[in-house]
Amino acid sequence: MAARYNAETKTFILETADSSYIMKVSRYGNLLHMYYGSRIPDEDLDYLLTFHDRGFSPNPNEAGNDRTFSLDFLPQEFSGGRNGDYRSPSLELVWGEGGSAFCGKVAGYEIKAGAGRISGMPGLRELPQEQVHTLEIRLADPVSRVEAVLSYTVFEEKNVIARTVRLENRGEKAVRLERLMSATIDFQNSDYDLICFPGRHAMEREFRRIPVSEGIHSIGSSRGTSSHQYNPFLIVCGKNCGEDQGQCWGISLMYSGSFLIEAEKDQYSQLRLNAGINPAGFSWLLEPGEEFQAPQAVLAWSGSGLTRLSHIYHRIFRENLCRSPFRRKARPVLLNSWEAAYFDFDEEKILTIAREAAHMGAEMFVLDDGWFGKRDDDSTGLGDWTVNRKKIGSGIQGLSQKIHAMGMQFGLWVEPEMVSEDSELYRRHPDWCLREPGRPAVRGRYQLVLDLSRRDVCEYLIESMNSLLESAQIEYVKWDMNRSLTEAWSDLLSAERQGEVLHRYVLGLYYVMEQVILKHPDIIFCGCSGGGGRFDPAMLYYQPQIWCSDNTDAINRLKIQYGTSFAYPLSCMESHVSICPNHITGRSVPLSTRGIVAMDGVFGFELDPLKLTSEEKEACRQQVDFYKKYSKVILDGDYYRLTSPYENPYFTAWQQVSQDQKKSLVSIVVTDREGNGPQRFVKLKGLNKDGFYRIEGWKGKYSGNLLMNAGIPVPWELKEYEGIQLRLRMI
Ligand code: DGJ
């Protein structure tokens, strides 16, 4: 079985197809981390733990005079504070009259079939007939009477272990929780690199690889959302690890709010990873009998490099996270009105754009911001989700009918979590936004944030969104969120509970999404937060796709999409062709290249077709046809990063290969061109080495082996910013 306890060695063993994860109950009942890596037989790992009398390393009282047993250096699964372990802990709390130590000892375990459900929060789910088991280990501290239930769900065949923790207050007094990490992983050495994905608005998820070094390297967000600035995903990898070789471990936190991921190199050159809700500004009062649930952390290990690690995440997110029926369906090619019209439109203009979109082959028209309330710019109207008849005379229902009559589906933009001060909603409920008493609220993009920690606000949103979606034929919703949270203060909570606001906001959001999105399974929901400011796995539980970035410059997008691809499958990355010069960077890139780059995800347009020549419109139509032909390979195939835009200044190349290896698409974009430079080659990946392939438009046939070892020449005729898509078919 994928999860078991060996009573003889006192070890818990988790096994996936390729990896083993092993923990051991120490002689004093502590839960120690023994191993996470390549799958090994059931053997005695005790020799891996060495015991020495270390200076200034305290010994638990139960160790008597044994000075060699100290939590200061032993690798642990869950580290309580004030017990001799000075590394960053898994848990911080205040219980009883002010005690803060947590000495949890193994008090029992249970192994259940299935993944179980995490109440109120997203989590990976098992597919029917899938081999999934969940091990729960209970750590009890009889003095604080707090118990931590560590949960490990093993997706055996998919090589994933999902961890979470539930904290229970079994005492008679309230406990104040100040920190609870979803996962702590101790490595006994630290000769590794970290890969993380920092960014900013319009340049999200850049790739950074840095060596583990002394101290704590932390990434995270305190913005109330997972943020543009850091993605809740970290990779630890060996120094020799590359795309196709070496060990690496991934940790992905399924959370859309403020988070923290830390990598700490300690005094003995060991490494501790922690991932969980950001403790800064967080506290939670746990009354007797109450529980607190941490979000899930998704762990994966690869012994053969980063591509394999990405494939593990792509597969599990596609199959076991995303619940939308669209996860398996082709997504319609849409044209979004934002960069076409911004706020400046009326019905006639929208219909003209839509008509042209239909001629270009678009299958859906999406009306972005500006259709509701008094919304002529971004300073007003949020919260008033009724159509502005001055702009859209026929209303949403009438407009939707007209769009459908053109043979397209219809989509709409909303930003439910926000309110403008100049709105009916704000005038009716000024107390519904987050702000501190006696202090005017901080604005972001002129707007305020609704207090989703309040049930009445959530119910209002559910009602207003559901009635909007039922008022017309709407097949797609872009759910936007355009600012970071600032104040974390809610009118309905007592002073001692204000530390709960940010997490309650996230739970409120999940509740609203569950009620709105699940009620409309036939609508495609697309997540957005000023582009990719909330691009996290938790959002994918509700929405099958997310707008990757407000930056539609094809050359910048090479980096954004490259970074995003480490954890996230192409099927969730919305990517559009826009106009040139690009509205953000001012750069001009050939239309064909813009198309190639936008096909590195869920393809669409974000432009005013009236600004295109008829040849350009025809080219767009051909892009749509091409994409529809290849969308299965693109969205369901295996993804390979052939080059890194950070390491190769000359060109960026990537490849999709169908699951049966019969079809493949290779994309190359030249990012810099020197005069009379060397002939550059790119080696393909993921092909059947014994199979023979034809490349459309090329003479001859080539073995997978040859294409993967000798590669193909980057076509000489490609000039700067030009690109090519090569279609391979096995014969
Ligand atoms: C931010 C989004 O990322 C854009 O695509 C657009 O929808 C605007 N918001 C609308 O305000």
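In the predicted model, K391 is placed over the face of F345, at 4.5 Å from the ring centre. K391 belongs to the loop that runs between strand 22 (364-367) and helix 4 (395-405). With a relative accessible area of 7%, K391 is buried. Leaving aside residues up to four places away in sequence, the contacts of K391 comprise F343, F345, D346, E347, G370, R375 and D376. A further charge over a ring is found at Y650, where the charged end of R680 sits 3.5 Å from the ring centre.

Aromatic pairs were then examined across the model. In one of them, the ring centres of Y562 and F566 are 5.2 Å apart and the planes meet at 80°, so the arrangement is edge-to-face. Both Y562 and F566 are buried. The pair formed by F626 and Y630 is stacked, with 4.8 Å from centre to centre and 20° between the planes. F626 and Y630 are both located in helix 11 (residues 614-636), where four residues, or about one turn of the helix, separate them. Burial applies to F626 and to Y630. Y562 and F566 also take part in a cluster linked by ring pairs, together with F197, F207, F233, Y313, F317, F535, Y568 and Y646.

Salt bridges in the structure number 66. Among them is the bridge between the side chains of E77 and R163, with an N to O distance of 3.1 Å. This pair links distant parts of the chain, 86 residues apart: E77 lies in the loop between strand 4 (31-38) and strand 5 (91-94), whereas R163 lies in strand 9 (residues 160-169). E77 and R163 are both buried.

The side chains of E168 and R166 likewise meet in a salt bridge, at 3.1 Å from N to O. The relative accessible area of E168 is 4%, so this residue is buried. R166, at 17% relative accessibility, also counts as buried, because the cut-off for burial is under 20%. Both residues belong to a network of salt bridges in which K112, E136, R138, E147, R170 and E291 are also linked.

A salt bridge also joins the side chains of K685 and D244, with 2.8 Å from N to O. K685 is in the loop between strand 34 (681-682) and strand 35 (692-695), and D244 is in the loop between strand 14 (233-238) and strand 15 (248-253), so the bridge ties together parts that are 441 residues apart in sequence. K685 is buried, with a relative accessible area of 14%, whereas D244 is partly exposed at 43% relative accessibility.

At the level of the overall fold, the protein contains twelve helices and 38 strands. Its radius of gyration is 27 Å, close to the 27 Å given by the globule rule for 731 residues, so the protein is as compact as a globular protein of that length. Taken along the principal axes, the box filled by the C-alpha atoms is roughly 85 × 70 × 45 Å. Of the 731 residues, 64% are buried. Among contacts with a separation of 6 or more, 69% involve residues 24 or more positions apart. The protein exposes about 26,600 Å², of which 48% is supplied by carbon and sulfur atoms.

How values were computed:
Residues are numbered from 1 along each chain as its sequence is written. Side-chain values use heavy atoms; hydrogens and water are left out. Helices (H or I, at least four residues) and strands (E, at least two) are DSSP runs, numbered from the N terminus. Buried means under 20% relative accessible area, exposed over 50%, partly exposed in between (1.4 Å probe, protein chains only). Contact means heavy atoms within 4.5 Å. Rings of Phe, Tyr and Trp (its six-membered ring) pair if their centres lie within 6.5 Å; planes under 30 degrees apart count as stacked, over 60 as edge-to-face and the rest as tilted. A charge sits over a ring if NZ of Lys or CZ of Arg is within 6 Å of the ring centre and within 35 degrees of the ring normal. The radius of gyration is taken over C-alpha atoms; the globule rule is 2.2 Å times the number of residues to the power 0.38. Accessible areas come from the Shrake-Rupley method with a 1.4 Å probe; for residues, only the protein chains shown count as cover. A salt bridge is a side-chain nitrogen of Lys or Arg within 4 Å of a carboxyl oxygen of Asp or Glu.
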